Amino acid sequence: MRRAGCILLAIALLLAGAVGVHFIYGWSEAGPSTQDRAFVVNEGATLKATAVELKREGFIRSADAFVMRAKIFARGAKVKAGEYMIPARASNRDILGILSGGIGVNRFVTIPEGLPSIMVYDRLMAVDELTGTIPVPEEGNILPDTYAYDKGETRAAVLARMQAAMKRTMADLWPARAKTTVVKTPQQALTLASIVEKETSLPEERAMVAGVYSNRLRTGMMLQADPTIIYPITRGKPLGRRIRKSEIAAVNDYNTYAMTGLPKGPIANPGKASITAVLNPKPTKALYFVANGKGGHIFADTLAEHNENVRKWFEIRRARGEL
């Protein structure tokens with residue numbers, strides 16, 4: 001009997017040891033999930049509730065074992081609310097490290113410089129992870145930038161951050177404006193900056209283009225900016241064809257070929273660099289500019305110089321087969 005008892009005790013110890021080894025091994029053992037997937041920890045969720053959800057979604061094999069291992073091996077580390085990306089075969093240890101580290105999935109929406117508000121609207125409405133609806137925002141009150149958002153966040157909240165960023169930017173830049181700037185109000189600055197934004201894609205040209213338009217405004221010349229013809233037709237979206245003569249002559253609140261001064265408001269959402277250029281234009285006598293065929297522009301002080309530059313530009317276009 002004594003011998004039988006010893007055998008049973010030995011078996012029990014072996015079984016206990018095996019269970020212990022399995023319990024320990026299970027902490028770092030590869031998990032059952034076969035692909036990288038997102039997982040959301042809701043606000044206020046406990047470790048136990050999170051474990052149950054992890055089990056339900058197939059990330060772990062046992063909710064109870066996960067909680068017990070977390071308490072023993074991770075000293076009861078707490079999960080943090082957020083959305084996380086959990087890699088395939090993540091172990092209990094890996095998963096808890098991700099959920100307690102608070103570094104969630106990064107989601108971004110980018111608004112390029114010069115994007116009109118109708119296209120900002122389209123871009124936000126196309127983000128499936130955002131919720132709710134928004135009106136088309138007022139032109140010029142969104143700062144182009146890259147913005148982070150959370151899954152399930154409202155579009156209105158993201159839009160509000162974009163608008164707040166523009167307000168902060170104007171509040172910073174306006175007091176530092178040069179005495180040579182032609183604009184009298186922040187709204188005028190946004191309007192002229194939106195034209196500069198549309199007229200050149202080269203950062204090094206912005207201050208020069210702003211200088212040309214500043215000179216035109218001071219002397220009462222028409223700005224004659226092609227983007228101001230297009231804006232009332234498409235609200236800033238690409239026209240997709242050549243501008244018609246009737247559109248050049250059209251009288252409205254935006255077409256600077258049919259009016260002197262600035263349009264009634266911005267024709268796009270200008271970036272910080274274009275706003276800075278308008279508030280600090282490059283000193284120049286130039287009144288004209290035309291494309292140089294290399295992605296930039298050539299500037300002229302007189303109409304005669306400008307006409308010669310235009311002639312050269314037409315030669316380039318004819319050589320390309322564009323005319």
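1. Let's begin with threonine 284, which sits in the loop that runs between helix H11 (272-279) and strand E5 (288-291). Please keep in mind that this is a predicted model. Beyond its neighbours within four places in sequence, threonine 284 touches Met208, Gly211, Val212 and Asn215.

2. Ser274, Ile275, Ala277, Val278 and Leu279 are the buried residues of H11. They pack against three helices: H6 (155-173), H7 (186-199) and H8 (206-219).

3. For your pocket work, the largest pocket has a volume of about 1,000 Å³. Its lining comprises 29 residues, with Asp226, Ile243, Tyr257, Trp313 and Arg317 nearest the centre. By class, that lining holds 19 nonpolar, 3 polar and 7 charged residues.

4. Which elements each supply at least two residues of that lining? They are H7, H8, helix H9 (226-234), E5 and helix H12 (303-319). H12 gives the most, with 5 residues.

5. The second largest pocket has a volume of about 240 Å³. It is lined by 17 residues, and Ala81, Gly82, Glu83, Asp150 and Lys151 lie nearest its centre. Two or more lining residues come from each of strand E1 (37-41), strand E2 (82-86) and strand E4 (146-149). E2 gives the most, with 3 residues. The lining of this second pocket divides into 7 nonpolar, 5 polar and 5 charged residues.

Notes:
Residues numbered from 1 in each chain as written. Predicted model: local features only at pLDDT ≥ 70, side-chain atom pairs only at ≥ 80, totals over all residues. Heavy atoms only, no water. Helix = DSSP H or I, 4+ residues; strand = E, 2+ residues; numbered from the N terminus. Contact = heavy atoms within 4.5 Å. Buried < 20%, exposed > 50% of the residue type's maximum accessible area, 1.4 Å probe, protein only. 1 Å grid on protein atoms, 1.4 Å probe; cavity = no way out; pocket = protein on both sides within 12 Å on 5 of 7 lines; lining within 4 Å. Points joined across faces, edges and corners; volume = space filled by probe spheres on them. Nonpolar A, V, L, I, M, F, W, Y, C, P; charged D, E, K, R; others polar.
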